[in-house]
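Hi,

Here is the structure I promised to hand over. My notes on its rings and charges follow below.

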Amino acid sequence: MSLTPKQRIELHGFNNLTKSLSFNMYDICYTRTKEEREAYIKYIDDQYNAERLTSILTKVTDIIEANILNIAKQDYEPQGASVTILVSEGPVDESPIESFQESPGPFPEAVVGHLDKSHITVHTYPEYHPDEGISTFRADIDISTCGEISPLKALNFLIHSFETDVMVMDYRVRGFTRDVEGHKLFIDHDINSIQNYIPEDLEENFEMIDVNVYQENIFHTKCKLKKFDLNNYLFGYTEDQLSEEEKISITKKLKKEMDEIFYAKNMS
């Protein structure tokens with residue numbers, strides 16, 4: 001069923017659908033020594049501290065035109081940070097057509113919709129392999145909304161806010177709302193893939209896999225960076241300081257790490 005903005009506004013009471021987006025990004029780095037690993041973790045903690053993460057999530061609320069009710073943020077020891085923002089909306093007489101189109105959202109400004117009784121959270125997880133020289137940084141961002149707008153409209157901005165080697169995204173619509181005749185609606189917008197919310201110029205940079213369960217309104221997309229430049233994965237030095245043997249060995253380890261995260265399994 002193709003729904004129009006008019007159909008969507010003609011509901012019996014409030015739109016009770018819950019739309020949840022989980023955006024997980026991974027940054028991967030090769031660190032040769034304990035000192036390099038510790039320096040990388042410190043760099044990540046400085047780059048993505050609670051203050052900066054709060055700024056990113058605040059811009060997300062601007063994109064979906066939400067009102068911030070409360071912010072809780074914390075930097076952890078020895079590493080990591082978390083931010084939770086509670087948001088709300090005012091009454092909506094009419095929703096913009098862009099709210100219902102399956103297309104990339106703004107970057108970063110434009111009015112695209114509203115939400116209510118909702119929250120946005122981010123948690124970071126810097127870590128490293130005990131003896132393989134691999135260090136990784138993961139950020140988990142969750143946007144849960146009730147009302148008209150899909151949180152997928154913030155996806156474009158989120159992708160641009162982080163340096164990402166692998167992305168894992170989940171989108172689900174839960175619950176139901178009723179039209180004026182009392183019929184249940186279990187989704188209020190058309191969608192066939194999260195990929196349709198990623199701009200074409202970004203799509204070209206990633207290998208992508210979809211695992212969707214349409215009858216349950218569950219959508220899953222994984223992305224892995226196609227282009228591999230070893231210099232982008234070395235911390236504090238460049239590949240011209242390495243022997244050919246070292247370049248081959250490090251490249252193999254880095255690509256294995258990316259594949260294991262992308263396919264969610266250990267590889268020999």
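Let's start with the aromatics: Phe-23, Tyr-48, Phe-137 and Phe-162 make up one aromatic cluster. This is a predicted model, where local features need pLDDT of at least 70, side-chain atom pairs count only at pLDDT 80 or more, and totals for chains, interfaces and linings use all residues. Residues are numbered from 1 along each chain as its sequence is written, and side-chain values use heavy atoms, with hydrogens and water left out.

There are 10 aromatic pairs in the structure (Phe, Tyr or Trp rings, the six-membered one for Trp, with centres within 6.5 Å; planes under 30 degrees apart are stacked, over 60 edge-to-face, the rest tilted). One of them, Tyr-48 with Phe-137, is stacked because the centres are 4.9 Å apart and the planes at 15°. Both are buried (under 20% relative accessible area; exposed is over 50%, partly exposed in between, 1.4 Å probe, protein chains only): Tyr-48 has 7% relative accessibility and Phe-137 has 1%.

Phe-176 and Phe-186 are a tilted pair, since their centres are 5.9 Å apart and their planes at 55°. Here Phe-176 is partly exposed at 32%, and so is Phe-186 at 45%.

Two charges also sit over rings (NZ of Lys or CZ of Arg within 6 Å of the ring centre and within 35 degrees of the ring normal). Arg-138 has its charged end over Tyr-125, 4.1 Å from the ring centre, while that of Lys-255 is over Phe-228, 5.1 Å from the centre.

Cheers
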